[in-house]
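Hello,

Here is the structure I promised to pass on.

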Amino acid sequence: MEYVRLGKTGLKVSAVSFGGIPIQRCTADEAAVIVDKLDEVGMNFIDTARGYTVSEEYLGAALKGRRDRFILATKSMVRDCEGMKKEVDVSLDKLQTDYIDLYQIHNIKTNDFDKVFGEDGAYRALEEARQEGKIGHIGITAHSSDDLKRIVESHAHQVESIMFPYNIVEIQGAETLKEARKSDIGVIAMKPLAGGNLEDWRLALRFVALSGVCDVSIPGMGSVEEVERNASVCCDLTPLTDAELEEIERLRKELGNQFCRRCGYCAPCTVGIDIPTSFVFANYLRKYGLADWAKERYAAMGAHASDCIACGVCEERCPYDLPIIDMMAKVAADFGK
Ligand code: SF4
Ligand code: SF4
């Protein structure tokens, strides 16, 4: 395993590390087996969030007795000081530890900055938690280029790490992230597989690792096999071949930038449509040989794209500003319901 320094946090983390979203779909026992595998392959950095339902809880139980072999990061969407203080304590409790290495302000958006960095904001709570020894470092996560720029231009002295989407089809943050690294801010690439849209995981992870833009990538993992395969990429840092560069160009043309990253922030849908899953099945419908499989599973869903009442609630929540209503109409047309 290769280890890298995560900017001014000074933490030495595995170059490919563990994203904790998919573990929500596992059982507690499966989560423990996955953590066994992380330990075995030396993948020492685990990222989770208060918002990932049972993720903190499962990881906390799985880390019992071996907490010191891992570097733990979590995050909260709470924006005020009192609320964030409580969130840190809840995270400590769920993760069954007395210390969290990196605590992040989760998914900051344009209208949140004044609140978060203001007198009674979440940032102050994290500073106090750091002074009290409850957390080691303060980080932030964002999804839009404008918000990323604002962090780097105005708050580089306050945050020690930034987590931002970076992958073959989402390179919009590249220049700003390079600036962040010049300020010695650790850069964590979220969604290195573009939310599962990039199936060639080796190419996707090699692209990020060789980009010079990020320190570490954190693909989400929900199985031992995924841990094994992602860990293996750390040993393959030879330059991208001409064939790989051609494939990167092909993927960029195929996916564009209007695709669902399956983050789930749009939920709940007003009429109960599982929005990201609808998009997954629609993608499979268009793939050779998978149409019947996709139709069968789509038909079994409780609500369908044709049920969309165009209320727009999901579009307000989507951090990628996807035109979900239009995309739903296309899914409905493709499946005929
Ligand atoms: S716009 Fe459609 S998909 Fe989005 S929340 Fe409303 S009903 Fe659901
Ligand atoms: S539609 Fe947007 S918010 Fe919903 S899962 Fe996809 S990327 Fe995330």
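**Strand β7 and its neighbours**

In β7, Gly139 is the bridge partner of Gln104. Before going further, a word on conventions: this is a predicted model, in which local features need pLDDT of at least 70 and side-chain atom pairs count only at pLDDT 80 or more, while totals for chains, interfaces and linings use all residues. Residues are numbered from 1 along each chain as its sequence is written, chains are lettered from A and ligands numbered from 1 in the order in which they are written, and side-chain values use heavy atoms, with hydrogens and water left out.

Helices (H or I, at least four residues) and strands (E, at least two) are DSSP runs, numbered from the N terminus. Two strands pair if DSSP finds at least two bridges between them. Strand β6 (residues 100-108) pairs with β7 in the parallel sense, over six bridges. Strand β8 (residues 161-165) also runs parallel to β7, joined by three bridges, and there Ile140 stands opposite Ile162. From β7 the chain passes through helix α6 (residues 145-154) to β8, a right-handed β-α-β crossover (with the strands pointing away from the viewer, the path from the first strand over the helix to the second runs clockwise).

How well covered is β7 (residues 135-142)? Mostly: eight of its eight residues are buried (buried means under 20% relative accessible area, exposed over 50%, partly exposed in between, with a 1.4 Å probe and protein chains only).

**Helix α6**

Asp147, Leu148, Ile151 and Val152 are the buried residues of α6. Seen down the helix axis, they fall within an arc of 130°, so they line one face of α6 (the arc is that of the directions from the helix axis to the C-beta atoms). The face turned away from that buried side carries the exposed residues Asp146 and Glu153. What covers the buried residues includes β6, α4 (113-117), β7, β8 and α7 (174-182), where contact means heavy atoms within 4.5 Å.

**The whole sheet**

Eight strands make up an open sheet with parallel pairing, in the order β3-β4-β5-β6-β7-β8-β9-β10. At its edges stand β3 (18-19) and β10 (216-217), each with a single partner strand, so one side of each is left without a neighbour in the sheet. Strand β9 (residues 186-190) is joined to β10 by two bridges, and the two run parallel; Ser217 in β10 is the bridge partner of Ala189.

**Thr97**

Thr97 sits in the loop between α3 (81-94) and β6 and is buried, at 14% relative accessible area. Leaving aside residues up to four places away in sequence, Thr97 touches Arg67, Leu72 and Leu92. Lys64 is 33 residues from Thr97 in sequence, and their C-alpha atoms are 8.5 Å apart. A polar atom of the Thr97 side chain lies 3.2 Å from the backbone oxygen of Tyr99.

**Backbone points to check**

Which residues does the cis peptide bond join? Ala267 and Pro268, with omega about 0°; Pro268 is in the loop between α10 (242-255) and α11 (275-285).

Asn107 has a positive phi of about 55° although it is not a glycine. Asn107 belongs to strand β6 and is buried, with a relative accessible area of 2%. Ala310, not a glycine either, also has a positive phi of about 55°. Ala310 lies in the loop between α12 (291-299) and α13 (313-317) and counts as partly exposed at 43% relative accessibility.

Best wishes

Note on methods
A polar contact is a pair of N or O atoms within 3.5 Å; within protein, one must be able to donate a hydrogen and the other to accept it, and residues adjacent in sequence count only if both atoms are side-chain atoms.
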